[in-house]
Amino acid sequence: MSNYPLRILYDSAKKEHKSPFGRIVADENCRVSISVPISTGAIEVKIIIEQEGGQTLTVPLGSICDEDEYRRFSGVFSLNEEGLYFYYYVIRKECGSFRLFRYGDHDTNIEDGEKWQLTVLPRDYKV
């Protein structure tokens, strides 16, 4: 094991963490994956998606595998209304939970930072 704290790995610009990249179309499936250090004791991860001025959707992610010092959680969601959405993660441990936010362009931070943004285009959007 490392002698330094490991960062939680999620970068919305990387296909291994969010697919498809960038905007999605209404009702299109979006897959997210996040890698949490096993040493955190995380037992559950949820993505919280908030529509600008509207509803909130909570999507539980399943633990899919352990890779080295990380446990990977993954899940799929779709949004049926076009618009601007913002999201963050909630990571639960046996003795509490914490929120995970975006820090800078490609990093994460616990309990401080910005929410990630997701634009959902109309179903009939043509490139």
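**A friendly note on this predicted model**

1. Let's start with Asn-80, which is partly exposed, its relative accessible area being 43%. You will find Asn-80 in the loop between β6 and β7. Setting aside neighbours within four places in sequence, Asn-80 is in contact with Ala-26, Asp-27 and Arg-123. His-17 lies 63 residues from Asn-80 along the chain, and their C-alpha atoms are separated by 21 Å.

2. Before going further, remember that this is a predicted model. The mean pLDDT of the chain is 92, and 94% of its residues reach 70 or more. Confidence is lowest in β5, at a mean of 92, and highest in β7, at 97.

3. Which residues touch the most other members of the largest nonpolar core? They are Ile-34, Ile-47, Leu-61, Phe-77 and Tyr-89, out of 26 residues in that core. At least two core residues come from each of β3 (30–37), β4 (42–51), β5 (56–67), β6 (70–77), β7 (83–93), β8 (96–103) and β10 (116–121). In soluble globular proteins, nonpolar side chains tend to be buried together.

4. Beyond its neighbours within four places in sequence, Phe-77 is in contact with Glu-28, Asn-29, Cys-30, Val-32, Ile-47, Ile-49, Val-59 and Leu-118.

5. Asp-11 sits in the segment before β1 (18–19). Asp-11 is buried yet has no salt bridge. The side chain of Asp-11 does make a polar contact with the side chain of His-106, at 3.0 Å. Leaving out neighbours within four places in sequence, the contacts of Asp-11 are His-17, Asp-105 and His-106.

6. How many salt bridges does the whole structure hold? A search finds seven. One of them joins Glu-50 and Lys-115, with the closest N and O atoms 2.5 Å apart. This pair links distant parts of the chain, 65 residues apart: Glu-50 is in strand β4 and Lys-115 in the loop between β9 (107–110) and β10. Lys-115 is partly exposed, at 31% relative accessible area.

7. Arg-71 meets Asp-66 at 2.7 Å, N to O, while Arg-72 meets Glu-67 at 3.4 Å. Arg-71 is partly exposed at 24%, but Arg-72 counts as buried because its relative accessibility is 12%, under the 20% cut-off.

Definitions and conventions
Residues are numbered from 1 along each chain as its sequence is written. This is a predicted model: local features need pLDDT of at least 70, side-chain atom pairs count only at pLDDT 80 or more; totals for chains, interfaces and linings use all residues. Side-chain values use heavy atoms; hydrogens and water are left out. A nonpolar core is a set of buried Ala, Val, Leu, Ile, Met, Phe, Trp, Tyr and Cys residues joined through side-chain atoms within 4.5 Å. Buried means under 20% relative accessible area, exposed over 50%, partly exposed in between (1.4 Å probe, protein chains only). Helices (H or I, at least four residues) and strands (E, at least two) are DSSP runs, numbered from the N terminus. Contact means heavy atoms within 4.5 Å. Lys and Arg count as positive and Asp and Glu as negative; His and the chain ends are not counted. A salt bridge is a side-chain nitrogen of Lys or Arg within 4 Å of a carboxyl oxygen of Asp or Glu. A polar contact is a pair of N or O atoms within 3.5 Å; within protein, one must be able to donate a hydrogen and the other to accept it, and residues adjacent in sequence count only if both atoms are side-chain atoms. pLDDT is the predictor's confidence in each residue, from 0 to 100.
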